[in-house]
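User: I am new to this structure and would like to learn how to read it. Could we begin with the sheet?

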Amino acid sequence: KMAAHFADYVVTEAGFGADLGAEKFLDIKCRMAGLKPDAVVIVATVRALKYNGGVPKADLNNENLEALEKGLPNLLKHVENITKVFGLPAVVAINEFPTDSQAELDLVEAKCKELGVNVKVSRVWAKGGEGGVEIAEELVRLIEAGENNFKFSYDTELPIREKIRAIAQKIYGADDVIFADQANKEIDELEKNGFGKTPIC
């Protein structure tokens with residue numbers, strides 16, 4: 001909040017992944033601090049997506065569109081979490097490596113565009129600030145467009161089990177949640193002691 005008084009735009013790192021750090025940032029920190037993000041940058045690399053698609057580390061420098069396509073659902077789920085679950089506009093920033101092929105970059109861009117999200121390539125490692133201008137411009141465009149329907153993934157008024165179920169189903173794609181006896185015991189104790197309406201992650 002203090003930074004917002006001194007700059008037109010404030011960028012913060014919410015953490016690793018739209019299922020881990022971002023979920024905690026959006027569901028807990030933003031809720032408790034009264035923050036409303038304007039847009040999100042989702043950072044990825046072609047190398048990581050190919051690794052998710054089954055390519056050994058030793059072969060990540062080689063073009064492999066088949067493996068990239070297999071790894072892309074990971075990124076696309078993060079995009080869906082941000083845009084559909086949390087209702088925030090987003091841009092995907094690809095941290096480019098010299099070994100990324102144009103065909104690989106084009107495939108990532110095409111798949112993200114199917115979800116209505118643009119992809120911009122980050123070349124900050126090679127060009128400094130100039131290498132991030134396209135991402136910054138897209139972020140400003142998203143913010144000024146004002147298409148922001150920010151919402152939390154659950155209502156704090158829900159019982160603890162329902163909040164856990166909401167996160168598991170919406171963020172992780174679970175069919176349902178089965179609670180172990182010990183978990184049920186601890187949840188009952190938390191609710192009994194007045195923590196039932198506390199935000200969770």
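Analyst: Three strands make up an open sheet, ordered β1-β2-β3, with parallel pairing. Strands here are DSSP E runs of at least two residues and helices are H or I runs of at least four, both numbered from the N terminus; two strands pair if DSSP finds at least two bridges between them. The model is predicted: local features need pLDDT of at least 70, side-chain atom pairs count only at pLDDT 80 or more, and totals for chains, interfaces and linings use all residues. Residues are numbered from 1 along each chain as its sequence is written, and side-chain values use heavy atoms, without hydrogens and water.

User: Which strands stand at the edges?

Analyst: β1 (40-44) and β3 (118-122) do; each has a single partner strand, so one side of each lacks a neighbour in the sheet. From one strand to the next, the twist averages 30°.

User: How many bridges join β2 to β3?

Analyst: In general, strands of a sheet pair through backbone hydrogen bonds, either parallel or antiparallel. In this case, five bridges join β2 (residues 90-95) to β3, and the two run parallel. N95 is opposite S122 in β3.

User: Which strands does helix α6 lie across?

Analyst: Helix α6 (residues 133-145) lies across β1, β2 and β3, at about 150° to β3. Helix α4 (residues 102-113) lies across β2 and β3, also running at about 150° to β3. Angles run from 0 to 180 degrees between N-to-C directions, with axes fitted to C-alpha atoms, for helices over the stretch in contact; contact means heavy atoms within 4.5 Å.
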